[in-house]
Amino acid sequence: LAPEMLKRQGHGKSVDWYLLGVLLYEMLFGKTPYFSESKEELFHNIKSGKLKISRNLSNDAIDIIKCLLNRNPNKRLGAGKGGSDLIKAHPFFKDIDWDL
């Protein structure tokens, strides 16, 4: 769940970009960000916990995860004008030919 969903603030397309960040994090680390077996602690972590990212990742990987997991949906990568094009233009995806 995205922070705005837990806070019951409503949500828009930006929630999808947050969940893309969760997916990337899971693929790179093998677990979800803010993981806890306790539901209460998990929800607390999502809303205000420290995001733990290994320095073994490339700077581009670290940056895209931080940008997608931004707790402010209006400042999240992909929010506003440009949407998915902003995400596709991120250096993390520099070797992807999106037209293929």
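# Close-up views of a predicted model

View 1. The model shown here, as in every view below, is a predicted one. When neighbours within four places in sequence are left aside, the residues in contact with His 90 are Asp 60, Asp 63, Ile 64 and Leu 77.

**View 2. Confidence along the chain.** The protein has a mean pLDDT of 93, and 100% of its residues reach 70 or more. Among the elements of the protein, the lowest mean pLDDT, 88, belongs to helix H1 (residues 3–6), whereas the highest, 96, belongs to helix H4 (residues 59–68).

**View 3. Helices H2 and H4 where they cross.** Two packed helices are described by the angle between their axes and the distance between the axes. Here the axes of helix H2 (residues 14–29) and H4 come within 8 Å and cross at roughly 140°, and the crossing in which H2 passes H4 is left-handed. On the H2 side, the residues that meet H4 are Trp 17, Tyr 18, Leu 20, Gly 21, Leu 24, Tyr 25, Leu 28 and Phe 29, while on the H4 side they are Ala 61, Ile 64, Ile 65 and Leu 68. Sorted by class, this contact of H2 with H4 has eleven nonpolar residues, one polar residue and no charged residues.

View 4. A pair of aromatic rings is described by the distance of the centres and the angle of the planes. A search of the whole structure finds three aromatic pairs. One of them is formed by Tyr 25 and Phe 29, a tilted pair with 4.4 Å centre to centre and 40° between the planes. Because Tyr 25 and Phe 29 are four residues apart in helix H2, about one helical turn separates them. Tyr 25 is buried, at a relative accessible area of 4%, whereas Phe 29, at 25% relative accessibility, counts as partly exposed. Phe 93 and Trp 98 form an edge-to-face pair, with 5.4 Å centre to centre and 70° between the planes. Phe 93 counts as buried at 14% relative accessibility, but Trp 98 counts as partly exposed at 42%. Together with Phe 92, the residues Phe 93 and Trp 98 form one aromatic cluster.

View 5. Tyr 34 is found in the loop between H2 and helix H3 (39–48). The phi angle of Tyr 34 is near 65°, which is a positive value in a residue other than glycine. At 9% relative accessibility, Tyr 34 counts as buried, because buried residues are those under 20%.

View 6. Asn 72 lies in the loop between H4 and H5, and counts as partly exposed at 28% relative accessibility. Asn 72 and Asn 56 are separated by 16 residues in sequence, and in space they are 26 Å apart, C-alpha to C-alpha.

Terms used
Residues are numbered from 1 along each chain as its sequence is written. This is a predicted model: local features need pLDDT of at least 70, side-chain atom pairs count only at pLDDT 80 or more; totals for chains, interfaces and linings use all residues. Side-chain values use heavy atoms; hydrogens and water are left out. pLDDT is the predictor's confidence in each residue, from 0 to 100. Helices (H or I, at least four residues) and strands (E, at least two) are DSSP runs, numbered from the N terminus. Axes are lines fitted to C-alpha atoms, for helices over the stretch in contact, and angles run from 0 to 180 degrees between N-to-C directions. A crossing is left-handed if the near helix is turned anticlockwise from the far one by less than a right angle, and right-handed if clockwise. Contact means heavy atoms within 4.5 Å. Ala, Val, Leu, Ile, Met, Phe, Trp, Tyr, Cys and Pro count as nonpolar, Asp, Glu, Lys and Arg as charged, and the others, Gly among them, as polar. Rings of Phe, Tyr and Trp (its six-membered ring) pair if their centres lie within 6.5 Å; planes under 30 degrees apart count as stacked, over 60 as edge-to-face and the rest as tilted. Buried means under 20% relative accessible area, exposed over 50%, partly exposed in between (1.4 Å probe, protein chains only).
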